[in-house]
Amino acid sequence: MKKIATLTLGCLLAVSATMAQTFPSDGFETYTAGLNLGPQSPIWRTWSGAGGGADDALVVTTDNHTMGGANSIYFSSTASTGGPQDVILPFSTGAPLSTGQFDFKTWFKVPTSKTAYFNFQGTSTMGGMYTLDCFMTNTGAVQIQNSGTIVATGTHPFGVWFELEIKANFNSNSWELLIDGISQGTWSNANNQVWGIDYYPADAAA
């Protein structure tokens with residue numbers, strides 16, 4: 001029997017950057033539970049761009065998958081290669097962010113022994129540039145990777161909400177991972193720019 005890799009993205013997601021127009025925040029409270037996120041939002045989309053299909057995410061309220069408000073979005077997979085959910089949030093309405101200070105902050109809840117994953121896209125062309133990959137393993141490790149090379153590691157809890165934050169100073173190419181406000185490490189990033197984020201349940205590992 002295949003296990004399910006699950007991730008719940010909760011109730012506050014915020015992105016800020018200096019000297020650029022960016023996505024400010026989303027608490028999912030304005031959306032209707034039980035329906036796909038994409039058709040309800042003028043900003044969220046899927047990798048295919050269509051929204052509302054199998055690659056979209058559901059807005060949910062069940063199983064206490066909320067950090068503080070009523071709604072969150074839920075990801076799971078039973079496929080060894082992950083998917084089909086593949087949800088995109090652009091951070092920029094124009095060119096990729098590449099100057100000034102960048103701050104990404106969100107809440108996750110990963111069930112015990114499950115996995116989670118997201119990546120930052122460096123351009124508006126999906127798959128054109130992977131700025132970084134973030135893997136949350138079934139042992140509780142958080143790994144930030146650049147093209148398969150681990151550049152920062154940390155740990156996360158299971159079964160409870162935790163805050164994940166990534167800060168970057170593009171001018172000095174200084175990046176930092178924080179879990180619940182505690183630094184997990186810093187690094188210089190090979191691709192020093194960000195356009196958006198891709199949420200994808202990457203496998204069915206337990």
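In which strand is the place of Phe-108? Phe-108 lies in strand S7, which covers residues 101-109, and the points below start from the whole chain and then return to this strand in what is a predicted model.

1. Overall make-up. The secondary structure of the protein chain consists of 15 strands and 0 helices. Of its 206 residues, 49% count as buried, and the chain exposes about 8500 Å², of which carbon and sulfur atoms supply 53%. Among contacts between residues at least 6 apart in sequence, 63% join residues that are at least 24 apart.

2. Pairing of S7 with S12. Strands S7 and S12 run antiparallel and are joined by 9 bridges; within this pairing, Phe-104 stands opposite Ile-166 in S12.

3. The largest nonpolar core. This core holds 37 residues, and those that touch the most other members are Phe-104, Phe-118, Phe-120, Met-136, Leu-164 and Ile-166. Strand S12, residues 161-169, gives the most to this core, with 4 residues. Since 7 of the 9 residues of S12 are buried, the strand is largely enclosed by the rest of the structure. As a general background, nonpolar side chains in soluble globular proteins tend to be buried together.

4. The S12-S13 hairpin. On its other listed pairing, S12 meets strand S13 (residues 174-179) in the antiparallel sense over 6 bridges, with Lys-167 standing opposite Glu-176 in S13. The two strands form a hairpin with 4 residues between them, and Asn-173 in the turn has a positive phi of about 50 degrees.

5. Aromatic pairs. The count of aromatic pairs comes to 19. One of them joins Phe-28 and Tyr-31, whose ring centres are 6.2 Å apart and whose planes meet at 45 degrees, so the pair is tilted; Phe-28 is buried at a relative accessible area of 0%, and Tyr-31 counts as buried at 11%. Phe-104 and Phe-118 also form a tilted pair, with 5.8 Å from centre to centre and 50 degrees between the planes. This second pair links distant parts of the chain, with Phe-104 in S7 and Phe-118 in strand S8 (residues 116-121), 14 residues apart. Phe-104 is buried with a relative accessible area of 0%, and Phe-118 is likewise buried at 0%.

Terms used:
Residues are numbered from 1 along each chain as its sequence is written. This is a predicted model: local features need pLDDT of at least 70, side-chain atom pairs count only at pLDDT 80 or more; totals for chains, interfaces and linings use all residues. Side-chain values use heavy atoms; hydrogens and water are left out. Buried means under 20% relative accessible area, exposed over 50%, partly exposed in between (1.4 Å probe, protein chains only). Contact means heavy atoms within 4.5 Å. Accessible areas come from the Shrake-Rupley method with a 1.4 Å probe; for residues, only the protein chains shown count as cover. A nonpolar core is a set of buried Ala, Val, Leu, Ile, Met, Phe, Trp, Tyr and Cys residues joined through side-chain atoms within 4.5 Å. Two strands pair if DSSP finds at least two bridges between them. Rings of Phe, Tyr and Trp (its six-membered ring) pair if their centres lie within 6.5 Å; planes under 30 degrees apart count as stacked, over 60 as edge-to-face and the rest as tilted.
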